[in-house]
Amino acid sequence: MTTSQIPFLKGHGTENDFVIVPDPDDAVDLPAAVVARLCDRRAGIGGDGLLHVVRSAAHPEARAMADEAEWFMDYRNADGSVAEMCGNGVRVFARYLQRAGHVEAGDLAVATRGGVKRVHLAKDGDITVSMGRATLPEEGVTVTVDGRSWDARNVNMGNPHAVAFVDELEHAGALTATPPYSPAAVYPDGVNIEFVVDRGPRHVAMRVHERGSGETRSCGTGACAVAVAAARRDGADPAETGTPVTYTVELPGGTLVITEHPDGEIEMTGPAVIVAEGLVDPAWLAARPG
């Protein structure tokens, strides 16, 4: 890890940004401390997370999915912790595969810890990801910021979310730390917390605090969770109406379009951009932080 240069790229999806480490054979050691250094915005490359690009057959967590998906998105949060899924990350992951010549415009499958995700790269540039189905555990939490409290809907998109509808996005506060919520036992492994306001019919805006990363400019699974929670609040459950429902979700970094189908499948559409590539200096990586 410290004796040779490591190639990397930098990309973002609606300004949810990632360090990308291509490693088809799973040969690069990426302990949590190294991931955190790479994602450090002042002393490293900077990112909300890291996308480790590995062939599914080469990774012990993905070998069972290799027949369905050639590539595995080994996703890490900015603090180095492992995460199940990242919706914006899947789009950026797919854009990297296209840029590297591994795939062309059209359909592909990406293995994640949240299962195999179906992706469509449109010729016009946008990328649609089939995000799977949401589960809605009955037990929710109360989120409190600066003396205000809201009941938050529990939505799981392969990773956990708590969705709170508020009057103003400013009520979420600074989001420099995880907003307090109770009972804590509902989310034993932590949670992504979304604060949501209405902008119009089937149109909402949100801010999010992502576990392990802090406030981010965008969160794809969070946007899906918000759309699901809004549809249930609005009495527009596609499983009951038999009609797909689509929400436009504004995030600080851009706009995502989320559609939930009657069978429960959720699709997310939005942009993904690669902005830079280079080599990590092994001497820097080998040096002690500080």
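**Group meeting: strands and aromatic rings**

His203 is partly exposed, with a relative accessible area of 23%, where partly exposed lies between buried, under 20% relative accessible area, and exposed, over 50%, using a 1.4 Å probe and protein chains only. Before I go on, please keep in mind that this is a predicted model, in which local features need pLDDT of at least 70 and side-chain atom pairs count only at pLDDT 80 or more, while totals for chains, interfaces and linings use all residues. Residues are numbered from 1 along each chain as its sequence is written, and side-chain values use heavy atoms, with hydrogens and water left out.

His203 belongs to strand β13, residues 203-210; strands here are DSSP runs of E with at least two residues, numbered from the N terminus. Setting aside neighbours within four places in sequence, His203 is in contact with Asp198, Tyr247, Thr248 and Glu250, contact meaning heavy atoms within 4.5 Å. The C-alpha atoms of His203 and Tyr247 are separated by 5.6 Å, although these residues are 44 residues apart along the chain.

Which strands pair with β8? Strand β9, residues 148-156, pairs with β8 in the antiparallel sense over five bridges, and strand β11, residues 181-182, also runs antiparallel to β8, joined by two bridges; pairing requires that DSSP finds at least two bridges between the strands. Val141 stands opposite Ala152 in β9, while Val143 has Tyr181 in β11 as its bridge partner. Two residues lie between the strands in the hairpin of β8 and β9, and there Asp146 takes a positive phi near 50°.

Now the rings, of which there are three aromatic pairs, counting Phe, Tyr and Trp (its six-membered ring) with centres within 6.5 Å, and calling planes under 30 degrees apart stacked, over 60 edge-to-face and the rest tilted. One of them is the edge-to-face pair of Trp150 and Phe195, at 5.9 Å centre to centre with 80° between the planes. Because Trp150 lies in β9 and Phe195 in strand β12, residues 192-200, this pair ties together parts that are 45 residues apart in sequence. Both Trp150 and Phe195 are buried.

Finally, the charged end of Arg37 sits over the ring of Trp284, 4.4 Å from its centre, the criterion being CZ of Arg or NZ of Lys within 6 Å of the ring centre and within 35 degrees of the ring normal.

Terms used:
Helices (H or I, at least four residues) and strands (E, at least two) are DSSP runs, numbered from the N terminus.
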